[in-house]
Amino acid sequence: MFKKDPFQIITFHSYGSDTHFYLRGRALEDESINLEDKGWFKLLVNTYKRFESDEIKHVEINLRLPNDHVLKVTTDSKGYFKCEKQLEGLSPFANDEGWLPIVASFSDVTLKRNITNNNLFPAEILIPCEESEFGVISDIDDTILHTGVVSLFKWRVIFNTAFKGAFSRIPFEGAAKFYHKLHRGKSGKNANPLFYVSHSPWNLYRYLKYFLKTNDFPKGPILLRSVNGVFHKKSQDEKPQKQNEIIHILEAYPNLNFILIGDCGEYDADIYMEVSENYPNRILAIYLRIVNHKKKMLRIKALFENYKTTPTLLVESSNQAIIHARERGFIK
(Lines give C-alpha, C1' and ligand atoms only; values in the text may rest on other atoms or scores of the structure.)
Protein backbone atom coordinates (compact mmCIF):
# COMPACT_ATOMS: atom_id res chain seq x y z
CA MET A 1 0.00 0.00 0.00
CA PHE A 2 1.47 3.34 -1.06
CA LYS A 3 1.73 6.03 1.58
CA LYS A 4 -0.51 8.99 0.80
CA ASP A 5 1.09 12.41 0.44
CA PRO A 6 0.33 14.87 3.27
CA PHE A 7 -1.66 18.06 2.74
CA GLN A 8 -0.11 21.51 2.34
CA ILE A 9 -1.11 25.10 1.54
CA ILE A 10 0.90 27.05 -1.02
CA THR A 11 0.33 30.78 -0.69
CA PHE A 12 1.20 33.15 -3.51
CA HIS A 13 2.86 36.52 -2.89
CA SER A 14 -0.09 38.89 -3.28
CA TYR A 15 -0.86 42.54 -2.57
CA GLY A 16 -3.17 44.99 -0.84
CA SER A 17 -3.38 48.36 0.88
CA ASP A 18 -4.24 49.78 4.29
CA THR A 19 -7.90 48.97 3.59
CA HIS A 20 -7.72 46.21 0.96
CA PHE A 21 -6.70 42.60 1.59
CA TYR A 22 -6.00 40.35 -1.41
CA LEU A 23 -4.37 36.93 -1.07
CA ARG A 24 -4.32 33.92 -3.38
CA GLY A 25 -3.09 30.38 -2.85
CA ARG A 26 -3.77 26.69 -3.37
CA ALA A 27 -4.24 23.59 -1.22
CA LEU A 28 -2.40 20.57 -2.60
CA GLU A 29 -0.95 17.24 -1.65
CA ASP A 30 2.74 17.67 -0.86
CA GLU A 31 4.69 16.00 -3.68
CA SER A 32 8.05 16.90 -2.03
CA ILE A 33 9.51 18.79 -4.99
CA ASN A 34 13.13 19.78 -4.34
CA LEU A 35 13.91 22.97 -6.28
CA GLU A 36 17.63 22.23 -6.00
CA ASP A 37 17.43 18.80 -7.64
CA LYS A 38 19.90 18.26 -10.49
CA GLY A 39 20.02 15.75 -13.33
CA TRP A 40 17.59 15.52 -16.24
CA PHE A 41 15.58 12.63 -14.78
CA LYS A 42 14.92 14.30 -11.42
CA LEU A 43 14.04 17.56 -13.19
CA LEU A 44 11.62 15.74 -15.48
CA VAL A 45 10.00 14.02 -12.49
CA ASN A 46 9.63 17.38 -10.73
CA THR A 47 7.97 18.85 -13.84
CA TYR A 48 5.54 15.93 -13.90
CA LYS A 49 4.73 16.48 -10.22
CA ARG A 50 4.06 20.19 -10.82
CA PHE A 51 1.49 19.57 -13.52
CA GLU A 52 0.01 16.36 -12.11
CA SER A 53 -0.67 18.11 -8.81
CA ASP A 54 -3.41 16.65 -6.59
CA GLU A 55 -5.58 19.52 -5.41
CA ILE A 56 -7.58 19.60 -2.18
CA LYS A 57 -10.95 20.94 -3.19
CA HIS A 58 -13.75 22.54 -1.16
CA VAL A 59 -11.87 22.78 2.14
CA GLU A 60 -11.93 25.80 4.44
CA ILE A 61 -8.72 27.77 5.00
CA ASN A 62 -8.00 30.13 7.91
CA LEU A 63 -5.92 33.25 7.25
CA ARG A 64 -4.62 34.76 10.49
CA LEU A 65 -3.48 38.39 10.37
CA PRO A 66 -0.89 39.95 12.76
CA ASN A 67 -3.71 41.47 14.84
CA ASP A 68 -5.11 37.91 15.30
CA HIS A 69 -8.08 38.66 13.04
CA VAL A 70 -8.95 35.48 11.10
CA LEU A 71 -10.39 35.45 7.59
CA LYS A 72 -11.96 32.30 6.21
CA VAL A 73 -11.97 31.19 2.58
CA THR A 74 -12.86 27.94 0.79
CA THR A 75 -10.87 26.30 -2.00
CA ASP A 76 -12.54 25.71 -5.37
CA SER A 77 -12.71 22.53 -7.45
CA LYS A 78 -9.03 22.93 -8.41
CA GLY A 79 -7.82 23.65 -4.88
CA TYR A 80 -7.34 27.39 -5.47
CA PHE A 81 -8.53 30.09 -3.11
CA LYS A 82 -8.76 33.85 -3.42
CA CYS A 83 -9.55 36.08 -0.47
CA GLU A 84 -10.37 39.72 -1.20
CA LYS A 85 -11.75 41.83 1.63
CA GLN A 86 -12.09 45.46 2.62
CA LEU A 87 -10.39 45.82 6.00
CA GLU A 88 -9.05 48.70 8.07
CA GLY A 89 -5.61 49.43 9.48
CA LEU A 90 -3.37 46.88 7.75
CA SER A 91 -0.37 49.15 7.05
CA PRO A 92 0.98 49.39 10.63
CA PHE A 93 1.61 45.64 10.63
CA ALA A 94 3.74 45.66 7.45
CA ASN A 95 7.56 45.74 7.58
CA ASP A 96 9.79 48.49 6.13
CA GLU A 97 9.51 47.00 2.63
CA GLY A 98 5.72 46.87 2.90
CA TRP A 99 5.23 43.13 3.47
CA LEU A 100 2.38 42.07 5.75
CA PRO A 101 2.86 38.57 7.33
CA ILE A 102 -0.07 36.16 7.46
CA VAL A 103 -0.41 32.54 8.58
CA ALA A 104 -2.63 30.16 6.61
CA SER A 105 -3.97 26.89 8.04
CA PHE A 106 -6.61 24.25 7.40
CA SER A 107 -9.72 24.94 9.50
CA ASP A 108 -10.43 21.25 9.94
CA VAL A 109 -7.51 19.79 11.88
CA THR A 110 -9.18 16.36 11.80
CA LEU A 111 -8.63 15.93 8.05
CA LYS A 112 -7.95 12.26 7.27
CA ARG A 113 -4.39 12.95 6.15
CA ASN A 114 -1.21 14.28 7.75
CA ILE A 115 -0.74 18.04 7.38
CA THR A 116 2.78 19.33 6.80
CA ASN A 117 4.41 22.23 8.62
CA ASN A 118 2.32 21.72 11.77
CA ASN A 119 -0.61 23.24 9.84
CA LEU A 120 1.12 26.65 9.80
CA PHE A 121 1.85 28.02 6.32
CA PRO A 122 3.42 31.49 6.00
CA ALA A 123 1.92 34.01 3.59
CA GLU A 124 2.60 37.62 2.69
CA ILE A 125 0.90 40.48 0.89
CA LEU A 126 2.63 43.66 -0.25
CA ILE A 127 1.26 46.96 0.97
CA PRO A 128 3.15 49.70 -0.93
CA CYS A 129 4.51 52.55 1.14
CA GLU A 130 2.65 55.85 0.89
CA GLU A 131 5.94 57.43 -0.19
CA SER A 132 6.18 55.20 -3.28
CA GLU A 133 7.00 57.25 -6.37
CA PHE A 134 5.53 54.72 -8.80
CA GLY A 135 4.94 51.01 -9.26
CA VAL A 136 6.43 48.59 -11.80
CA ILE A 137 4.51 45.82 -13.56
CA SER A 138 6.75 43.37 -15.38
CA ASP A 139 6.35 40.30 -17.54
CA ILE A 140 8.69 37.37 -16.79
CA ASP A 141 9.14 35.16 -19.88
CA ASP A 142 11.68 36.64 -22.32
CA THR A 143 11.56 39.90 -20.36
CA ILE A 144 13.79 38.95 -17.43
CA LEU A 145 14.10 35.18 -18.03
CA HIS A 146 15.40 33.53 -21.20
CA THR A 147 12.56 31.16 -22.19
CA GLY A 148 12.47 30.97 -26.00
CA VAL A 149 8.80 31.90 -26.32
CA VAL A 150 9.38 32.87 -29.98
CA SER A 151 10.91 29.49 -30.89
CA LEU A 152 9.08 27.18 -33.31
CA PHE A 153 6.15 25.50 -31.49
CA LYS A 154 7.68 27.05 -28.34
CA TRP A 155 9.94 24.00 -28.03
CA ARG A 156 12.53 25.96 -26.06
CA VAL A 157 9.90 26.88 -23.44
CA ILE A 158 9.01 23.21 -23.00
CA PHE A 159 12.65 22.10 -22.88
CA ASN A 160 13.72 24.82 -20.44
CA THR A 161 10.79 24.14 -18.11
CA ALA A 162 11.19 20.35 -18.10
CA PHE A 163 14.97 19.94 -18.12
CA LYS A 164 16.39 23.04 -16.42
CA GLY A 165 16.24 23.81 -12.73
CA ALA A 166 15.31 27.32 -11.63
CA PHE A 167 18.84 27.68 -10.21
CA SER A 168 20.38 27.20 -13.69
CA ARG A 169 18.05 29.48 -15.65
CA ILE A 170 19.73 32.59 -17.04
CA PRO A 171 18.27 36.07 -16.51
CA PHE A 172 18.88 38.81 -19.05
CA GLU A 173 22.09 40.63 -18.27
CA GLY A 174 21.57 43.68 -16.07
CA ALA A 175 17.84 43.04 -15.56
CA ALA A 176 18.07 42.59 -11.78
CA LYS A 177 20.20 45.74 -11.52
CA PHE A 178 17.59 47.74 -13.48
CA TYR A 179 14.74 46.45 -11.33
CA HIS A 180 16.57 47.30 -8.11
CA LYS A 181 17.14 50.83 -9.38
CA LEU A 182 13.42 51.15 -10.15
CA HIS A 183 12.59 49.67 -6.74
CA ARG A 184 14.76 52.27 -4.99
CA GLY A 185 13.62 55.14 -7.23
CA LYS A 186 15.12 58.56 -7.74
CA SER A 187 16.18 58.94 -4.12
CA GLY A 188 17.90 55.55 -4.08
CA LYS A 189 16.22 54.86 -0.74
CA ASN A 190 12.63 54.13 -1.73
CA ALA A 191 10.64 50.89 -1.83
CA ASN A 192 8.61 51.25 -5.02
CA PRO A 193 6.46 48.12 -5.50
CA LEU A 194 7.16 45.57 -8.25
CA PHE A 195 4.56 43.17 -9.62
CA TYR A 196 5.46 40.18 -11.79
CA VAL A 197 2.64 39.22 -14.17
CA SER A 198 2.98 36.25 -16.52
CA HIS A 199 0.98 33.90 -18.74
CA SER A 200 2.75 30.98 -17.04
CA PRO A 201 0.50 28.62 -15.00
CA TRP A 202 0.35 28.69 -11.20
CA ASN A 203 2.01 25.25 -11.24
CA LEU A 204 5.29 27.10 -11.89
CA TYR A 205 4.86 29.59 -9.03
CA ARG A 206 7.51 28.17 -6.69
CA TYR A 207 9.86 27.58 -9.63
CA LEU A 208 9.61 31.25 -10.72
CA LYS A 209 9.75 32.54 -7.15
CA TYR A 210 12.97 30.57 -6.63
CA PHE A 211 14.41 31.93 -9.90
CA LEU A 212 13.67 35.55 -8.90
CA LYS A 213 15.19 35.10 -5.44
CA THR A 214 18.27 33.20 -6.68
CA ASN A 215 19.00 35.91 -9.24
CA ASP A 216 18.47 38.77 -6.78
CA PHE A 217 15.38 40.38 -8.29
CA PRO A 218 13.37 42.60 -5.95
CA LYS A 219 10.67 40.70 -4.12
CA GLY A 220 7.16 41.29 -5.41
CA PRO A 221 3.75 39.71 -5.95
CA ILE A 222 3.79 37.00 -8.64
CA LEU A 223 0.57 36.73 -10.65
CA LEU A 224 0.08 33.74 -12.94
CA ARG A 225 -2.91 31.77 -14.28
CA SER A 226 -4.45 28.32 -13.95
CA VAL A 227 -3.56 25.55 -16.38
CA ASN A 228 -7.17 25.61 -17.60
CA GLY A 229 -6.69 29.25 -18.54
CA VAL A 230 -3.73 28.33 -20.77
CA PHE A 231 -6.01 26.24 -23.02
CA HIS A 232 -9.14 28.35 -22.58
CA LYS A 233 -10.38 29.86 -25.84
CA LYS A 234 -11.32 33.47 -25.16
CA SER A 235 -14.38 35.13 -26.61
CA GLN A 236 -13.84 38.13 -28.86
CA ASP A 237 -14.58 40.62 -26.07
CA GLU A 238 -12.68 38.78 -23.32
CA LYS A 239 -9.45 40.41 -22.14
CA PRO A 240 -6.25 38.36 -21.69
CA GLN A 241 -5.60 37.19 -18.14
CA LYS A 242 -2.46 39.33 -17.94
CA GLN A 243 -4.43 42.44 -18.89
CA ASN A 244 -7.07 41.74 -16.25
CA GLU A 245 -4.34 41.37 -13.61
CA ILE A 246 -2.78 44.70 -14.63
CA ILE A 247 -6.17 46.43 -14.47
CA HIS A 248 -6.78 44.94 -11.01
CA ILE A 249 -3.44 46.37 -9.81
CA LEU A 250 -4.14 49.81 -11.31
CA GLU A 251 -7.56 49.95 -9.65
CA ALA A 252 -6.14 48.75 -6.33
CA TYR A 253 -3.82 51.80 -6.29
CA PRO A 254 -5.71 54.68 -7.98
CA ASN A 255 -3.16 57.27 -6.80
CA LEU A 256 -0.08 55.41 -8.03
CA ASN A 257 1.41 55.64 -11.53
CA PHE A 258 3.17 52.71 -13.17
CA ILE A 259 5.98 51.65 -15.49
CA LEU A 260 5.23 48.61 -17.68
CA ILE A 261 7.98 46.22 -18.79
CA GLY A 262 7.61 43.38 -21.28
CA ASP A 263 8.97 41.99 -24.52
CA CYS A 264 8.15 42.01 -28.23
CA GLY A 265 7.62 38.25 -28.47
CA GLU A 266 3.92 37.89 -27.73
CA TYR A 267 1.25 40.52 -27.01
CA ASP A 268 2.71 42.66 -24.24
CA ALA A 269 2.81 45.65 -26.61
CA ASP A 270 -0.88 45.36 -27.50
CA ILE A 271 -1.92 44.92 -23.87
CA TYR A 272 0.23 47.79 -22.61
CA MET A 273 -0.97 50.16 -25.34
CA GLU A 274 -4.62 49.47 -24.51
CA VAL A 275 -4.00 49.86 -20.79
CA SER A 276 -2.29 53.21 -21.42
CA GLU A 277 -5.21 54.41 -23.52
CA ASN A 278 -7.76 53.37 -20.89
CA TYR A 279 -5.78 54.83 -17.97
CA PRO A 280 -4.48 58.13 -19.35
CA ASN A 281 -1.58 59.71 -17.45
CA ARG A 282 -1.20 56.61 -15.23
CA ILE A 283 1.50 54.89 -17.29
CA LEU A 284 4.85 56.71 -17.09
CA ALA A 285 6.76 54.55 -19.58
CA ILE A 286 6.72 51.26 -21.48
CA TYR A 287 9.90 49.20 -21.95
CA LEU A 288 9.83 46.28 -24.39
CA ARG A 289 12.75 43.93 -24.84
CA ILE A 290 13.61 43.20 -28.48
CA VAL A 291 13.36 39.54 -29.57
CA ASN A 292 15.22 37.69 -32.30
CA HIS A 293 12.24 37.30 -34.63
CA LYS A 294 12.06 39.48 -37.73
CA LYS A 295 8.31 39.19 -38.36
CA LYS A 296 7.37 39.95 -34.77
CA MET A 297 9.70 42.94 -34.62
CA LEU A 298 8.26 44.39 -37.84
CA ARG A 299 4.78 44.17 -36.32
CA ILE A 300 5.83 45.85 -33.07
CA LYS A 301 7.69 48.67 -34.83
CA ALA A 302 4.66 49.34 -37.03
CA LEU A 303 2.42 49.29 -33.96
CA PHE A 304 4.41 52.08 -32.28
CA GLU A 305 5.26 54.09 -35.38
CA ASN A 306 2.76 56.86 -34.63
CA TYR A 307 2.12 56.09 -30.98
CA LYS A 308 2.32 59.18 -28.75
CA THR A 309 0.32 58.35 -25.61
CA THR A 310 3.13 56.93 -23.46
CA PRO A 311 6.95 57.13 -23.81
CA THR A 312 7.92 53.72 -25.20
CA LEU A 313 11.37 52.25 -25.70
CA LEU A 314 12.34 49.05 -27.51
CA VAL A 315 15.55 47.86 -25.85
CA GLU A 316 18.24 45.36 -26.70
CA SER A 317 19.88 45.64 -23.29
CA SER A 318 19.01 46.61 -19.73
CA ASN A 319 21.60 49.41 -19.91
CA GLN A 320 19.52 51.16 -22.58
CA ALA A 321 16.52 51.07 -20.26
CA ILE A 322 18.62 52.32 -17.32
CA ILE A 323 19.85 55.32 -19.34
CA HIS A 324 16.31 56.19 -20.43
CA ALA A 325 14.89 55.77 -16.91
CA ARG A 326 17.61 58.01 -15.48
CA GLU A 327 16.93 60.68 -18.10
CA ARG A 328 13.24 60.55 -17.22
CA GLY A 329 14.00 60.96 -13.52
CA PHE A 330 12.72 57.54 -12.48
CA ILE A 331 16.00 56.33 -10.99
CA LYS A 332 19.15 57.69 -9.37
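**Cavity lining and nonpolar cores**

The lining of the largest cavity divides into seven nonpolar residues, three polar and one charged. Here Ala, Val, Leu, Ile, Met, Phe, Trp, Tyr, Cys and Pro count as nonpolar, Asp, Glu, Lys and Arg as charged, and the others, Gly among them, as polar. This is a predicted model: local features need pLDDT of at least 70, side-chain atom pairs count only at pLDDT 80 or more, and totals for chains, interfaces and linings use all residues. Residues are numbered from 1 along each chain as its sequence is written, and side-chain values use heavy atoms, without hydrogens and water.

Thr143, Ile144, Phe178, Tyr179, Ile261, Gly262, Tyr287, Arg289, Val315, Ser318 and Ala321 form that lining. A cavity is a set of points on a 1 Å grid over the protein atoms alone where a 1.4 Å probe fits but cannot get out; lining residues have an atom within 4 Å of a point. Two or more lining residues come from each of α3 (175-184), β12 (258-263), β13 (283-289) and α9 (318-327). Helices (H or I, at least four residues) and strands (E, at least two) are DSSP runs, numbered from the N terminus.

Now the cores. The largest nonpolar core has 37 residues. Such a core is a set of buried Ala, Val, Leu, Ile, Met, Phe, Trp, Tyr and Cys residues joined through side-chain atoms within 4.5 Å; buried means under 20% relative accessible area (1.4 Å probe, protein chains only). Phe178, Leu182, Tyr196, Phe217, Tyr287 and Phe330 touch the most other members. Elements giving two or more residues to this core include β1 (7-12), β10 (194-201) and α4 (205-214).

Key. On a 1 Å grid over the protein atoms alone, a cavity is a set of points where a 1.4 Å probe fits but cannot get out, and a pocket is an open set with protein on both sides within 12 Å along at least five of seven lines; lining residues have an atom within 4 Å of a point. Buried means under 20% relative accessible area, exposed over 50%, partly exposed in between (1.4 Å probe, protein chains only).
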